[in-house]
Amino acid sequence: MDSKCVQFFQNKTILITGVPGFLAKVFLEKILRVQPDVKRLYLLLRSTDNESAMERFRTEVLEKDLFRVLRNDLGDANLKIVLKKVVPIPGDISVVNLGLKDSDLLQHMWNEIEIIVNVAATTNFDERYDVGLSINTFGPLNVLNFAKKCVKGQLLLHVSTAYVCGEKPGILPEKTFKMGETLNSNGKLVIETEMELMKQKLKELQKQECSEEEIAQSMKDLGMSRATLHGWPNTYVFTKSMGEMLLGNHRENLPLVIIRPTMITSTFSEPFPGWIEGLRTIDSVIVAYGKGRLKCFLADSNSVLDLIPVDMVANAMVMAVAIHAGKSGSQDVYHVGSSCKNPITFGQLHDLAARYFTKSPLVGRDGSPIIVSKGTILSTMSQFSFYMTLRYKLPLQMLRLINIVYPWWNGNKYKDIDRKIKLAMRLVDLYRPYVLFKGIFDDMNTERMRLKRQEINKEIYGSLEFDPKSIDWEDYITNIHIPGLITYVLQN
C-alpha cells in the first residue's frame, strides 16, 4: 500500500470504534504499519475512565501477537513516537455523543476528525433485544450524529454484515435498505415501535420482580420473535439491518460507506498468515470436530460457505476510505466475501478438516491422539431432529423413567444430559441459516474497487490485497487457518 493510499492517510485524523474487536484491531494495525505519519487515531473503548481505556488498549490491543511485526518494524523509539498519535478514549456508542463527558475533548474531536470508522457491534446471534437495539441499531445513529458534528468530516465507514439479507437464496445484490423495509413484507417495520415494545417488556419484567436470568432470557426470546416476525433469522442480523436503515435515512450529505463482510476468518497474509482471535461462526465447529466431539452436524455439503480472511476485509475498508472520502452525498455498499468469485462448499471444508486432523490429530487429556471419524452430515432440520431423537432423546426418556422409579440413582445425570441436548438444539437452530445457506453475495461494487486498484497502478495499492480469487482454499485452510485456530485454542 504505497504512494496514493498512503498519502491519503498521511496527516489524517481518524476515529475508530470497537477497537478491542477482531476486525477493528486488524484495521488499526494496518493503518499504523503502512502510514505511521497519520496525524491522530482516536480509539473509542468501553471503559470507565482514561486510565482504564489506556489499560484496555495496552493489554487487549497493543500487546497482542498481531502487533509484533509493527513493533519489530518500528523499534522501541519509533513505536513510542507513533503511539503518541493514538488516543484511547472511554466511551460507548449506545450513548449520545458516544458517552464522552469532557466537553473540551468533544469540541476538539469535532474540530479535528475527518474519517469515522464504526466497527463496534455485538455479534451474538441471540443477543438480548435491549442490548442489540442499543448497540447495533441506535449505536450507528449515535456515531452518525457525532460524525455530522465533525467540521472536517469527510466520510463515515460503517461495518455491517452480508447476512442482513436474511435467508434469501440466489444472487444477493449490494443494495441499501429502505426505511421500514422487511424481508417478508409482513407489515411495516417501525424502528421506534420496536424500541417501545422492548422498553415496555423490560418494565413489565421488572414490575414482576423477575430475576436477572429470567429478564435476560425474556429479552433474548423477544429479540428472536421480533426478528422472525419481520423475516430475519436472528436478533443479530435484524438489529444490524435496522442500524443500516437509520444510517441511510439520516445521513444527509455525509458520504457513507457500508462494508458487509461475510464469515470472517484468520489473516491470509498480513501482517503474517493465520492470526485469529476468538472462535468465529464456523471455527467452533472445526475445533469441536478436531476434539472428536462432533459426531453429527446439520449442513448441506453443497452449500457454499462464504469465508473471507480478516486482512482482506481490512484492506477493502482502507481502499473504500481512500476512494470515497469527501464525495458529498454518496452512499455505497460493498460485499466483501468469496462466494461469487471463489466459492468453497461445506463438503470441501469438511474434507479438508478431516484430512488435516487425520494427519495431525489433536492430543487428548490422556496424552493420546484424538482419532476423528468422518461424522454424519444431515442436510435438513427434520433429518437432524430424527437423528437426535433416536440417538439421544429416546435413551434420555429411559433415563427419566429410571429417575422416577429409582430417584436415588444418579439423579443429576438426566438433568445434565437434557440441558446439553437443549443447548445443542438451540445452537443448531441459530447456525441453521448459515450452514444451509443458498445465497451467493454479488460483489460487483467490490470488484470495481479492486479493478480501480489495478488501474491506478498495482505499485500504488500494492499491499491492498482483497481479491478472493487469490485464495487457494486447500492451502489456506490446511496450512494457515486450522493451524492458526489450534494455536489460538491452545493459548487460551
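The dialogue below goes from the whole chain to single features.

Tutor: Begin with the kind of model. This one is predicted. Its mean pLDDT is 89, and 89% of the residues reach 70 or more.

Student: Over which residues does pLDDT stay under 50?

Tutor: That stretch is residues 457-462, for which the model has 16 contacts beyond four places in sequence.

Student: How many helices and strands does the protein have?

Tutor: The secondary structure comes to 16 helices and 15 strands. Of the 492 residues, 54% count as buried. The accessible surface is about 22100 Å², and carbon and sulfur atoms hold 52% of that surface.

Student: What do the contacts say about residues at least 24 apart in sequence?

Tutor: Take the contacts between residues at least 6 apart in sequence; 83% of these join residues at least 24 apart.

Student: Can we take one helix? What span should α11 have, and what does the model give?

Tutor: The expected span of a helix is 1.5 Å times one less than its number of residues. Helix α11 covers residues 310-324, which is 15 residues, so it should span 21 Å. Its end C-alpha atoms are 21 Å apart, in agreement with that value.

Student: Is α11 mostly covered or mostly open?

Tutor: Mostly covered: 15 of its 15 residues are buried. Buried here means under 20% relative accessible area.

Student: Which residue follows α11, and what is its phi?

Tutor: Gly326 follows α11, and its phi is positive, near 85°.

Student: Next, the aromatic rings. How many aromatic pairs are there?

Tutor: Rings pair if their centres lie within 6.5 Å. By that rule the count comes to 16 aromatic pairs. One of them joins Tyr163 and Phe441, with 5.2 Å centre to centre and 85° between the planes, which makes the pair edge-to-face.

Student: Which charged ends sit over a ring?

Tutor: Among them is the charged end of Lys12, which sits over the ring of Phe8, 4.6 Å from its centre. Another case is Arg68, whose charged end sits over the ring of Phe272, 3.9 Å from the ring's centre.

Technical notes: Residues are numbered from 1 along each chain as its sequence is written. This is a predicted model: local features need pLDDT of at least 70, side-chain atom pairs count only at pLDDT 80 or more; totals for chains, interfaces and linings use all residues. Side-chain values use heavy atoms; hydrogens and water are left out. Helices (H or I, at least four residues) and strands (E, at least two) are DSSP runs, numbered from the N terminus. Buried means under 20% relative accessible area, exposed over 50%, partly exposed in between (1.4 Å probe, protein chains only). Contact means heavy atoms within 4.5 Å. Accessible areas come from the Shrake-Rupley method with a 1.4 Å probe; for residues, only the protein chains shown count as cover. Rings of Phe, Tyr and Trp (its six-membered ring) pair if their centres lie within 6.5 Å; planes under 30 degrees apart count as stacked, over 60 as edge-to-face and the rest as tilted. A charge sits over a ring if NZ of Lys or CZ of Arg is within 6 Å of the ring centre and within 35 degrees of the ring normal. pLDDT is the predictor's confidence in each residue, from 0 to 100.
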